[in-house]
Structure formats: C-alpha cells, structure tokens
Amino acid sequence: MIETMRWNEGFVELVDQTLLPSELVYKDCRQVEDIAEAIESLRVRGAPAIGIAGAFGVVLGAGEIQEDDPDAFLAQLEKKFDRLAATRPTAVNLFWALSRMRKVTEESRGLSVEEIRGRLLDEALRMQQEDKEICRKMGSNGSELLKDGMTVLTHCHAGGLATADFGTALGVIYAAKEKGKKIHVFADETRPLLQGARLTAWELMQNGIETTLISDNMAAWVMSRGRIDCVIVGADRVARNGDVANKIGTYGVAISARAHGIPFYVAAPFSTIDRNLPSGEDIPIEERHSEEITSLAGKKIAPESVHVYNPAFDVTPHTYVTAIISEMGIAEAPYEEAFERWAKSKGLE
Ligand code: MRU
C-alpha cells in the first residue's frame with residue numbers, strides 16, 4: 001500500500017494525486033497554505049485523507065506562529081483553522097478532524113506553546129494511525145458481503161489514496177482478496193476529473209485486482225448485461241437518515257443498480273456520518289470551476305462562453321442504499337437506529 005501522506009520531521013509529504021497515473025510524486029507541504037492549496041486543487045482528496053491533511057495543516061500552521069504567549073498563540077491559530085475549514089465544504093471528515101484538533105487546544109490551557117505544538121502533532125499522527133486501523137476493520141466487515149468470483153462496480157476513488165491507506169470501498173475488495181476471494185472490479189472513469197480512470201484503475205492494478213475501466217455512461221448498460229453483482233462506493237458525508245453524499249454520478253449509479261436489482265453498498269468510517277444533519281437535503285454540495293467541464297487534459301472541449309453547472313457531489317437517498325459498511329459493522333435501514341447504536345458503543349451522546 002502506498003502511504004497517502006507522511007510527516008517528515010517538520011513538514012508533510014503527500015502524494016500529488018493530480019499527477020497520477022503518469023507520475024508518483026510526493027509534494028512537500030511546509031505551511032498551512034500548502035495544505036490548503038493541496039486540498040483545494042485535489043492533490044490530496046477523498047474524505048478521510050482530506051481530514052488527516054487538515055489535521056497536519058493545523059500542525060504546520062502552529063509551527064508558523066511566532067508567539068511565545070499561549071493565549072496569543074491560540075488566538076492566531078484560529079485563523080489557520082478558518083483557512084483550512086474554507087477549502088472544501090462537502091466531506092465532513094475535514095470538519096471532524098479540525099474539531100478534534102480544536103479540542104486539543106481547548107485541553108491545553110496552561111501549557112507552553114511548545115507543548116501545545118507537540119500535542120497537536122501527536123493528535124494528527126494518532127488520527128492517521130487510527131484511519132489505517134479503521135479502514136482495515138471496515139474492509140474486513142464488508143468483505144463478508146462478497147463471494148469468490150463476484151464482480152463489483154465502483155464510482156470515483158475510495159481506495160488507499162483517499163484515506164491514510166487501504167481505503168473504504170476498495171478496502172472491502174482488498175480485504176476480500178486477502179481472504180482468498182477473486183474479485184473483478186468495473187471502475188467508472190468518473191468525469192469530470194477522472195478519479196476512477198486515473199486513481200481507481202491504477203491503484204487496483206497496482207494491488208493485483210482484475211480491473212475493467214468504463215466511461216460513466218456505460219454503467220447502466222453493463223448492469224443490464226448481468227455483468228455486475230454489486231456496487232460499492234465510498235462517501236463524503238452520510239446524514240442521520242442514511243442519505244449519502246458522494247462524487248457526482250453516484251446517484252445515477254444507485255438508480256441504475258435499483259432498476260437492475262443489484263445491491264448498492266456504501267463503505268464509510270463512522271467519522272463520515274454527520275448525525276447533526278437529519279437528511280441529505282442539508283449537506284453542502286461543493287460547486288467547482290467551469291473549466292473542469294469545458295477542458296480535458298488542458299484542451300478546450302466546449303465553447304468559451306457556454307453556461308456550466310459543475311456540482312462535485314450528489315446525494316443518494318437512503319432508500320437506494322442496501323447497506324452501509326463501517327468499522328462498527330454493517331447497517332441496514334433504518335439507518336438512524338444503527339448510527340445511534342454505534343454512537344452509544346463509542347460512548348457518544
Ligand atoms: O472530489 P474528491 O475526489 O475528493 O471526491 C472523493 C469521493 O467522492 C470519494 O468517493 C469519497 O471521498 C470517498 S473516499 C474514501
């Protein structure tokens with residue numbers, strides 16, 4: 001497994017995912033602004049990876065502040081939190097990670113600036129390590145749903161590079177493989193930024209999984225030919241009722257799966273479940289630059305002045321979701337009850 005990012009004694013190295021699959025290059029991030037830019041430009045992307053990058057961003061931000069007085073230091077640190085929180089709105093893992101880092105600062109009253117910096121770094125490293133363990137547990141839980149010889153369709157990229165490593169949806173496939181099951185994956189290319197073609201197909205092949213790449217508009221047809229046994233996708237935010245925000249196009253895949261009687265599974269860690277939001281109606285959907293639609297690989301493919309709508313995510317209503325796989329187990333509807341059970345077993349309200 002490729003490590004998505006690593007702490008290297010004072011700075012962060014992260015795989016620049018915009019360069020894959022042509023080049024596997026780690027980019028150095030030395031300042032909070034480098035991390036913010038990396039998140040905005042999708043050098044680092046995928047909900048859990050964005051969260052961990054955000055946590056390391058706070059660590060870098062804390063290192064930039066020239067201040068010995070802890071109160072003045074913490075006041076300046078707030079601006080770093082604000083910068084990171086303004087990068088991408090949909091994946092709740094970013095806000096979950098930032099609130100864990102903020103809790104560290106709240107519990108650091110009375111400590112020196114150096115001690116606070118140390119605690120922030122410890123927390124970011126802990127989150128990264130926990131994510132690795134969570135992905136493996138989630139993969140193992142989900143692998144029970146897969147039988148030897150099955151073909152799975154996935155959309156966007158929910159693999160190792162979207163997390164600390166191992167992945168969510170792809171983690172389920174890797175875990176099934178580790179248990180000796182042969183799984184074939186159909187990967188949607190995932191327009192406009194081609195995470196499926198550039199990242200999913202590449203990562204699956206690196207890990208020895210038989211992979212077939214299709215363009216997004218082929219998924220329904222492939223299902224109708226009886227070639228898909230189930231769909232597994234990741235998520236950027238899951239509302240209390242089980243509505244799922246994920247990469248644009250996921251909703252269409254879910255409708256097609258339902259039309260063909262194919263199970264539609266979502267693999268997401270507990271940190272992706274936003275119990276504050278009653279339904280998907282309330283999930284903020286990021287809109288991105290029109291050029292992502294009007295250009296392909298740097299070449300114009302549409303008229304200059306055409307109107308463009310470019311939502312980066314959509315929301316699949318919970319009624320289309322067969323089950324949600326997490327490190328806590330596998331939930332079926334009613335999702336709210338399962339989420340409450342999981343929260344209780346974690347000692348949360
Ligand atoms: O815009 P991206 O590439 O960050 O979108 C990522 C996705 O939609 C993934 O499917 C999601 O974050 C799940 S990642 C484990």
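This is a predicted model: local features need pLDDT of at least 70, side-chain atom pairs count only at pLDDT 80 or more; totals for chains, interfaces and linings use all residues.
Residues are numbered from 1 along each chain as its sequence is written, and side-chain values use heavy atoms, with hydrogens and water left out.

**Exercise 1. Describe the lining of the largest pocket.**

On a 1 Å grid over the protein atoms alone, a pocket is an open set of points with protein on both sides within 12 Å along at least five of seven lines, a cavity is a set of points where a 1.4 Å probe fits but cannot get out, and lining residues have an atom within 4 Å of a point. Grid points are joined across faces, edges and corners, and a volume is the space filled by probe spheres set on the points.

Step 2 names the residues. The lining of the largest pocket has 25 residues, and W96, F270, S271, I273 and L348 lie nearest its centre.

Step 3 assigns elements, where helices (H or I, at least four residues) and strands (E, at least two) are DSSP runs numbered from the N terminus. At least two lining residues come from each of helix 2 (47-64), helix 4 (92-106), helix 5 (113-143) and strand 11 (273-274), and helix 4 gives the most, with 7 residues.

Step 4 sorts by class: Ala, Val, Leu, Ile, Met, Phe, Trp, Tyr, Cys and Pro count as nonpolar, Asp, Glu, Lys and Arg as charged, and the others, Gly among them, as polar. The lining of the largest pocket then divides into 12 nonpolar, 5 polar and 8 charged residues.

Step 5 turns to domains, whose bounds come from an automatic or database domain assignment. Domain 1 (5-135) and domain 2 (139-345) each contribute at least three residues to this lining.

**Exercise 2. Explain why the second largest pocket lies between the domains.**

Step 1: about 420 Å³ of space lies in the second largest pocket, and among its 15 lining residues P192, L193, R198, E292 and A297 lie nearest the centre. Helix 10 (291-294) and strand 12 (295-296) are the elements that give two or more residues to this lining.

Step 2: the second largest pocket lies between domain 1 (5-135) and domain 2 (139-345) because both give residues to its lining. By class, that lining has 6 nonpolar, 5 polar and 4 charged residues.

**Exercise 3. Locate R45 and relate R45 to the ligand and to the largest cavity.**

Step 1: R45 sits in the loop between helix 1 (32-40) and helix 2. R45 is buried, with a relative accessible area of 5%; buried means under 20%, exposed over 50% and partly exposed in between, with a 1.4 Å probe and protein chains only.

Step 2: 17 residues are around the ligand, each with a heavy atom within 4 Å of it, and R45, R88, D236, N246 and K247 come nearest. Polar contacts are pairs of N or O atoms within 3.5 Å; within protein, one must be able to donate a hydrogen and the other to accept it, and residues adjacent in sequence count only if both atoms are side-chain atoms. A polar side-chain atom of R45 lies 2.8 Å from an oxygen atom of the ligand, an N or O atom in the side chain of D236 is 2.8 Å from a ligand oxygen atom, and a polar backbone atom of A47 is 2.9 Å from a ligand oxygen atom.

Step 3: the largest cavity has a volume of about 200 Å³, and of its 23 lining residues the closest to the centre are R45, G46, A47, H157 and D236. Helix 2 and strand 9 (244-247) each supply at least two residues of this lining, which divides into 11 nonpolar, 8 polar and 4 charged residues.

**Exercise 4. Describe the backbone around P192 and L194.**

Step 1: a cis peptide bond, with omega about 5°, joins R191 and P192, and P192 is placed in the loop between strand 5 (184-188) and helix 7 (195-206).

Step 2: L194, found in the loop between strand 5 and helix 7, has a positive phi of about 60° although it is not a glycine.

Step 3: the second largest cavity has a volume of about 50 Å³, and its lining includes R191, P192 and L193.
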